[in-house]
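Please examine the sequence and the structure shown below. The paragraphs that follow lead through its surface, its sheets and its charged pairs.

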Amino acid sequence: MKNFLKKSKVLRKIYNNFNFAYKKRYSSYVIDKSNYFDPSIHYIGLKHIQFGYNNVVSEGTWFNVNKRIDAEIGIEMGHNCYIGKRNFFSSGKEIIIGDFFMSGINCSFLGSDHKFEDPLVPYMFTGTTDCNAIIIGDNVWLGANVTIIGDVTIGHGSIIGANSLVTRTIPPFSLVVGSPARVIKRFDFSNNIWTTDFSELRDFISESEYKEQLAQFKEREISPFPSGKSFGDLFS
């Protein structure tokens, strides 16, 4: 094959271009020395987005900062986070994600909305809102297809079940499911269990204490490989 390519400058050029494109698409995940971002990620307002270290962002994810003013940060991600495939972030005032966050496939973070006060104007031309903030604490896990809408805080240590629609604030260490989402369990630190009887719970780890507890895992590297290239029927 190589000898044949030497005889044809045209074919050699095609081969080299294909080889370069393949390597760029399937081999280059590194944004810097600590983060692995798939090349297919889409950004609007990149200079208003801030990432920590040791994060993985999977293919097809879209970051959209609607309020792009001076040096303000619209989307901020902490450290040691894993973002599943085809997640969508649309910030209003801001989206802030804590450390050790993990999301499944097709999750949406909708902090901004199109204005609709005047239905005589096409909604694509009315502009977007910038008043809502989505704040997600440390070590929060979102299952597949979770949607977060509006002015919402999700407390540290919480788990949001697959296909849930979150439209209001979730307290720390909560297990949440449904559309609209509701808290069905909270973690009882006195008995070390998730419980449905949480009306009298008072003993919780504070956010600062929790961050110290999680710090022991900060040196573990998150694998980038599930985030990008599709391997097909790998085990068939």
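Why does Val121 count as partly exposed? Val121 does so because its relative accessibility is 30%; buried means under 20% relative accessible area, exposed over 50%, and partly exposed in between, with a 1.4 Å probe and protein chains only. Val121 is placed in the loop between β11 (108-110) and β12 (133-136). Together with Leu120, Met124 and Phe125, Val121 makes a nonpolar surface patch of about 510 Å². Patches are made of residues with over 30% relative accessible area and no salt bridge, where like charges are joined within 9 Å and nonpolar side chains (Val, Leu, Ile, Met, Phe, Trp, Tyr) within 5 Å.

This is a predicted model, in which local features need pLDDT of at least 70 and side-chain atom pairs count only at pLDDT 80 or more, while totals for chains, interfaces and linings use all residues. Residues are numbered from 1 along each chain as its sequence is written, and side-chain values use heavy atoms, with hydrogens and water left out.

The protein chain has three helices and 20 strands; helices (H or I, at least four residues) and strands (E, at least two) are DSSP runs numbered from the N terminus. Of the 236 residues in the protein chain, 36% are buried. The accessible surface of the chain is about 14,100 Å², and carbon and sulfur atoms account for 56% of that surface; accessible areas come from the Shrake-Rupley method with a 1.4 Å probe, and for residues only the protein chains shown count as cover. Among contacts with a separation of 6 or more, 36% join residues 24 or more positions apart, contact meaning heavy atoms within 4.5 Å.

The strands may now be followed into their sheets. Two strands pair if DSSP finds at least two bridges between them. Strand β14 (residues 147-149) pairs with β17 in the parallel sense over two bridges, and Ile148 stands opposite Val166 in β17.

Another open sheet has five strands, in the order β3-β6-β9-β12-β15, also with parallel pairing. Here β3 (49-51) and β15 (152-154) stand at the edges with a single partner strand each, so one side of each has no neighbour in the sheet. Neighbouring strands of this sheet are turned by 0° against each other on average, direction ignored; the axes are lines fitted to C-alpha atoms, for helices over the stretch in contact, and angles run from 0 to 180 degrees between N-to-C directions. Within this sheet, β9 and β12 pair in the parallel sense over four bridges, with Ile97 opposite Ile136 in β12.

Gly92, in the loop between β8 (88-91) and β9 (94-97), counts as buried because its relative accessibility is 0%. The C-alpha atoms of Gly92 and Gly111 are separated by 4.7 Å, although these residues are 19 residues apart along the chain. Leaving aside neighbours within four places in sequence, Gly92 has contacts that include Lys67, Gly111 and Asp130. Asn145, in the loop between β13 (141-142) and β14, has a positive phi near 65°. In the loop between β18 (174-178) and β19 (181-188) lies Pro180, and the peptide bond from Ser179 to Pro180 is cis, with omega near 5°.

The charged pairs come last. Side chains of opposite charge can pair when their charged atoms come close. The whole structure holds four salt bridges, a salt bridge being a side-chain nitrogen of Lys or Arg within 4 Å of a carboxyl oxygen of Asp or Glu. In one of them, Asp138 and Lys211 meet at 2.8 Å, N to O. Asp138 lies in the loop between β12 and β13 and Lys211 in helix α3 (residues 207-214), so the pair ties together parts that are 73 residues apart in sequence. Asp138 is buried at 2% relative accessibility, whereas Lys211 is partly exposed at 39%. Asp99, Asp138 and Lys211 are linked in a network of salt bridges. Glu59 and Lys85 also form a salt bridge, their closest N and O atoms being 3.1 Å apart.
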